[in-house]
Amino acid sequence: MSEMPINNLAFPALDCKRKRGDEVFTSLGKSLSFQLSDFWKWSVSDLASNATRGILAEFLVASALDSTDGIRNEWDAYDISFGNVKIEVKSAAFLQSWAHAKLSKIIFTIRQTYAWNSQTNTSETQLRRQADLYVFCLLKHKDKDSLDPMKLEQWQFYVLPSKVLDEKLPTQKTISLARLLTLEPCVTDYENLTECVGKMAKEI
């Protein structure tokens, strides 16, 4: 008799492996003329788009913390593990991909959630902020002609322990940049982000 999957689920979570980019698409056993990197270039070249910028922000924080092994799990309760510290990454930008008449107002999401476990397909019953630290990533550049999210000097980072949000804004779902600054986060550029995270982690 074969062993039952975890929690008796007939279809357990996929064990996804890190890709290289040169994997070739096939059809009926025949290799095609395009590969995985072609899909990546097609789908995520607009680094300023809201969805892609958010993932890029997670990657930048993870790269600063030397935590880019493996692959990103879209459904994790938090974004990055740094030792025993759980980190949530949020992003915002003054400039958008689309045409707009004025700079965007900077608002970050800080809502509480019910953590979901992709391995067991179950959710926690407690509504809370799942991470120990928040890293708010602002693409601060304001000139559209020279906007380039790959130039990390165009970013600013704000690191804040979740307990501060829980104490000051326990049920609030969003926070403006102005309100965030009143909570005295550690403000840093990319080069000093690791130091900033380490400093704030000591306050957990």
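Colleague: Where in the hairpin of β3 and β4 does a residue take a positive phi?

Modeller: In that hairpin, which has two residues between its strands, G83 takes a positive phi near 65°. This is a predicted model, in which local features need pLDDT of at least 70 and side-chain atom pairs count only at pLDDT 80 or more, while totals for chains, interfaces and linings use all residues. Residues are numbered from 1 along each chain as its sequence is written, and side-chain values use heavy atoms, with hydrogens and water left out.

Colleague: How do β3 and β4 pair, and over how many bridges?

Modeller: Strands of a sheet pair through backbone hydrogen bonds, either parallel or antiparallel. Two strands are said to pair if DSSP finds at least two bridges between them, and the strands themselves (E, at least two residues), like the helices (H or I, at least four), are DSSP runs numbered from the N terminus. Here β3 and β4, the latter covering residues 85-93, pair in the antiparallel sense over three bridges. I80 has I87 of β4 as its bridge partner, and S81 stands opposite K86 in β4.

Colleague: In what order do the strands of the open sheet follow one another?

Modeller: Five strands form the sheet in the order β3-β4-β8-β9-β11, with mixed pairing. The edge strands, each pairing on one side only, are β3 (80-82) and β11 (186-188). Neighbouring strands are turned by 25° against each other on average, direction ignored; such axes are lines fitted to C-alpha atoms, for helices over the stretch in contact, and angles run from 0 to 180 degrees between N-to-C directions. On the β8 side, β4 runs parallel to β8 and is joined to it by seven bridges, and F136 in β8 is the bridge partner of K90.

Colleague: Which helix lies across these strands?

Modeller: Helix α2 (residues 50-64) lies across β3, β4, β8 (133-139) and β9 (155-161), and it runs at about 135° to β4; contact here means heavy atoms within 4.5 Å.

Colleague: Why is β4 described as largely enclosed?

Modeller: Burial is judged by relative accessible area: buried means under 20%, exposed over 50%, and partly exposed in between, with a 1.4 Å probe and protein chains only. Seven of the nine residues of β4 are buried, so the strand is largely enclosed by the rest of the structure.

Colleague: Which cysteines does the disulfide join?

Modeller: A disulfide is a pair of cysteine sulfur atoms within 2.5 Å, and a search of the whole structure finds one. C186 is joined to C196, with an S to S distance of 1.9 Å. C186 lies in strand β11 and C196 in helix α5 (residues 193-201), so the bond ties together parts that are 10 residues apart in sequence. Both of these cysteines are buried.

Colleague: How many aromatic pairs does a search of the whole structure find?

Modeller: Rings of Phe, Tyr and Trp (its six-membered ring) pair if their centres lie within 6.5 Å; planes under 30 degrees apart count as stacked, over 60 as edge-to-face and the rest as tilted. The search finds six pairs. One of them, F25 with F34, is tilted, at 5.1 Å centre to centre and 35° between the planes. Separately, F108, Y134 and F136 form one aromatic cluster.
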